[in-house]
Amino acid sequence: MTKLRQIYKCNICGNVIEVVHPGAPALVCCGQPMELLVGNTVDASKEKHVPVIEAAENGIRVQVGSVEHPMEEKHFIQFIEVLTADKVYRAELAPGLKPEAWFPVKQEDILEVREYCNIHGLWKTNE
Ligand SMILES: [Fe+2]
């Protein structure tokens, strides 16, 4: 079974999907099983991907990452998500924008913050 909020990718066509209702034991795209993405938490390269959370007016601000990630046509942060017990907030980003977003969430309600880089995949906070 898939699980709520899991993110899968098709390594052939590049489709990225999020489960909003668990069902099939496997997701198939382009004739092969989609890959379940597991968020990385450790930055090893000079590019930083782990989301950084800070308090902001009426919520939080999330930046990717501790050193600002590139937002170029071929390499950029596609989205940032904040997960709470009963909500998923997603900011959709694009090349040329800053790799950050504001969310109307209290810090204590956060279960996980994750982001997706079109080249380096899924990353999450390691709290
Ligand atoms: Fe990246």
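Two strands are counted as paired if DSSP finds at least two bridges between them. Strands themselves are DSSP runs (E, at least two residues), as helices are (H or I, at least four), and both are numbered from the N terminus. By these rules, strand β11 (residues 112–117) and strand β12 (residues 121–124) are joined by four bridges and run antiparallel.

The model is a predicted one, in which local features need pLDDT of at least 70, side-chain atom pairs count only at pLDDT 80 or more, and totals for chains, interfaces and linings use all residues. Residues are numbered from 1 along each chain as its sequence is written.

A domain assignment, whose bounds come from an automatic or database source, gives domain 1 (7–37) and domain 2 (51–124). The C-alpha centres of domain 1 and domain 2 are 22 Å apart.

Residues 5–37 are 0% helix and 39% strand, with end C-alpha atoms 11 Å apart. Three strands make an open antiparallel sheet in the order β2-β1-β5. Its edge strands, each pairing on one side only, are β2 (16–18) and β5 (35–37). From one strand to the next the twist averages 30°, where axes are lines fitted to C-alpha atoms (for helices over the stretch in contact) and angles run from 0 to 180 degrees between N-to-C directions. Strand β1 (residues 7–9) pairs with β5 in the antiparallel sense through three bridges, and Lys9 stands opposite Glu35 of β5.

Arg5 is in the segment before β1. Its contacts, leaving aside neighbours within four places in sequence, are Glu18, Val19, Leu83 and Val88; a contact means C-beta atoms, placed from the backbone, within 7 Å. Arg5 also lies 13 Å from Leu122, C-alpha to C-alpha, although the two are 117 residues apart in sequence. Burial is judged by counting other C-beta atoms, placed from the backbone, within 10 Å of a residue's own: 20 or more is buried, 12 or fewer is exposed, and anything in between is partly exposed. Arg5 has 15 such atoms and is therefore partly exposed.

Cys30 is found in the loop between β3 (28–29) and β4 (32–33). Cys30 has a positive phi of about 55° although it is not a glycine, and it counts as exposed because it has 11 C-beta neighbours inside 10 Å.

Now the second part. Residues 42–125 are 0% helix and 45% strand, and the end C-alpha atoms are 9 Å apart. Strand β8 (residues 77–83) has two partners described here. With strand β9 (residues 88–92), β8 pairs antiparallel over five bridges, and a hairpin of four residues joins β8 to β9. Val82 takes part in both pairings: its bridge partner is Tyr89 in β9 and Val113 in β11.

On to β11, which forms a hairpin with β12, with three residues between them. Arg114 has Lys124 as its bridge partner in β12. Because five of the six residues of β11 are buried, this strand is largely enclosed by the rest of the structure.

What lies in the interior? A nonpolar core is a set of buried Ala, Val, Leu, Ile, Met, Phe, Trp, Tyr and Cys residues joined through C-beta atoms within 7 Å. The largest one has 15 residues, of which Val62, Ile77, Ile80, Val82 and Phe103 touch the most other members. At least two residues of this core come from each of β7 (59–64), β8, β10 (100–103) and β11. Ile77 is in contact with Val64, His69, Met71, Leu93, Pro99, Glu115 and Cys117, neighbours within four places in sequence left aside.

Two backbone details remain. Val64 and Gly65 are joined by a cis peptide bond with omega about -15°, and Gly65 lies in the loop between β7 and β8. Asn58, in the loop between β6 (51–56) and β7, has a positive phi near 60° without being a glycine. Asn58 has 9 C-beta neighbours inside 10 Å, so it counts as exposed.

Methods:
Contact = placed C-beta atoms within 7 Å.
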